[in-house]
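Visitor: I have not looked at this structure before. Please take me through a few of its details.

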Amino acid sequence: MLYVVLFFTLFSLFLYALLGGADFGAGILELFSSKDHQVSIKKRVYSVMGPVWEANHIWIIILIVILWIAFPGFYNVIIIYLHIPLTLILLGITLRGVAFVFRHYDAVKDKSQLLYDRMFEFSCLVTPIFLGMTYGALISGNIVLLENTPNADFASVYIKPWLQPFPILTGFFFSALCVFLSATFLIGEATEYERRMYIRKAGIATWVVVILGFVTLAVAYFEENKFVLDVLKNYYAIGAVAVSGLLLVPLWKSIRKGKIVWCRFLAGLQVLLILSAAVGAHFPNLIITKTGQISLLDDMAPESTITILGISLIIGGLIILPGLFHLLKSFKMIKILENEEN
């Protein structure tokens with residue numbers, strides 16, 4: 001059952017990065033657009049995200065629960081040493097949800113709408129940055145374990161690990177990736193005029209992702225980051241990144257020709273390749289500290305707990321996945337009918 005639990009762990013991580021990332025990217029698109037485009041994006045975001053925006057958070061909930069139950073040692077390191085950025089992530093998710101609801105359902109139409117818009121947009125920008133910074137801190141080699149250095153000061157233990165160039169660049173890279181995903185996914189939901197806008201924004205986001213990815217790897221290389229150096233020595237990781245880069249060619253052809261299904265499939269495949277390169281090359285040692293590595297499989301839960309969790313995940317998957325598919329399909333059909341009526 002361990003493989004079942006690991007599959008759902010990585011599957012949840014992938015789906016949250018893909019779907020949750022696209023949701024965050026929509027707010028960033030709105031933030032960095034002109035006023036005319038902001039109005040258009042706001043309407044499109046609500047029509048697309050409105051019915052299902054909360055559903056995407058199920059994946060990060062599943063991921064957290066799995067880590068907490070099955071891999072408590074690994075989970076404790078994340079929660080203890082990175083509790084500050086994680087708290088900011090939770091705050092950002094909460095503010096984003098509050099703003100998303102109130103800017104559409106507030107009974108009083110006044111200047112508060114502008115406050116809700118800015119709250120939504122900035123929380124969409126900041127949250128993925130801190131998500132990326134958290135991951136960057138885990139693999140940066142900057143984490144100071146108190147068990148090894150009991151006299152370390154607060155800043156060295158809880159602040160400096162994630163406030164370093166590599167984690168910060170990782171955060172901005174993930175944020176740019178969210179914008180790329182959002183612009184690509186929204187192409188299929190847009191009018192002809194909006195489609196040209198999203199194609200242009202997807203192009204800009206693509207270049208930003210490529211440049212930030214290169215800069216992030218370069219900084220990590222010159223900092224002699226063990227995780228990244230090991231990734232660069234791994235043929236599988238190099239191959240995954242290379243294929244991800246080559247897929248930009250058919251992706252852009254699909255975008256320009258309006259092949260919506262292929263656009264989304266290729267964009268999702270690129271995210272899968274990037275994640276597999278970042279995770280697979282160093283698995284299961286996914287945390288790098290100043291004094292060593294921490295494996296996901298260290299201090300695992302008892303076999304009986306893993307078995308029960310695996311069975312529960314299988315049963316839950318058989319219930320949740322068809323339900324989510326039906327939800328997406330139902331609201332997609334409703335939107336098509338509404339467009340035909342208009």
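Predicted model: local features only at pLDDT ≥ 70, side-chain atom pairs only at ≥ 80, totals over all residues.

Visitor: How are α12 and α13 oriented to each other, roughly parallel or roughly antiparallel?
Guide: Helix α12 covers residues 248-257 and helix α13 covers residues 260-280. Their axes come within 8 Å and cross at roughly 155°. Angles over 145 degrees count as roughly antiparallel. The two helices α12 and α13 are therefore roughly antiparallel.

Visitor: How many charged residues are in the contact of α12 with α13?
Guide: From α12 come Leu248, Pro250, Leu251, Ser254 and Ile255, and they meet Trp262, Cys263, Leu266, Ala267 and Gln270 in α13. By class, eight of these residues are nonpolar and two are polar. The number of charged residues is none.

Visitor: How many disulfides does the structure hold?
Guide: A disulfide needs two cysteine sulfur atoms within 2.5 Å. For cysteine 124, the nearest cysteine sulfur belongs to cysteine 178 and is 9.3 Å away. For cysteine 263, the closest is also in cysteine 178, at 18 Å, too far for a bond. The count of disulfides in the structure is zero.

Visitor: Is cysteine 263 buried or exposed?
Guide: Buried means under 20% relative accessible area. Cysteine 124, at 0%, is buried. Cysteine 263 has 1% relative accessibility, so cysteine 263 counts as buried.

Notes:
Residues numbered from 1 in each chain as written. Heavy atoms only, no water. Axes fitted to C-alpha atoms, helices over the stretch in contact; angles between N-to-C directions. Helix = DSSP H or I, 4+ residues; strand = E, 2+ residues; numbered from the N terminus. Parallel < 35°, antiparallel > 145°, perpendicular 65-115°, else oblique. Contact = heavy atoms within 4.5 Å. Nonpolar A, V, L, I, M, F, W, Y, C, P; charged D, E, K, R; others polar. Buried < 20%, exposed > 50% of the residue type's maximum accessible area, 1.4 Å probe, protein only.
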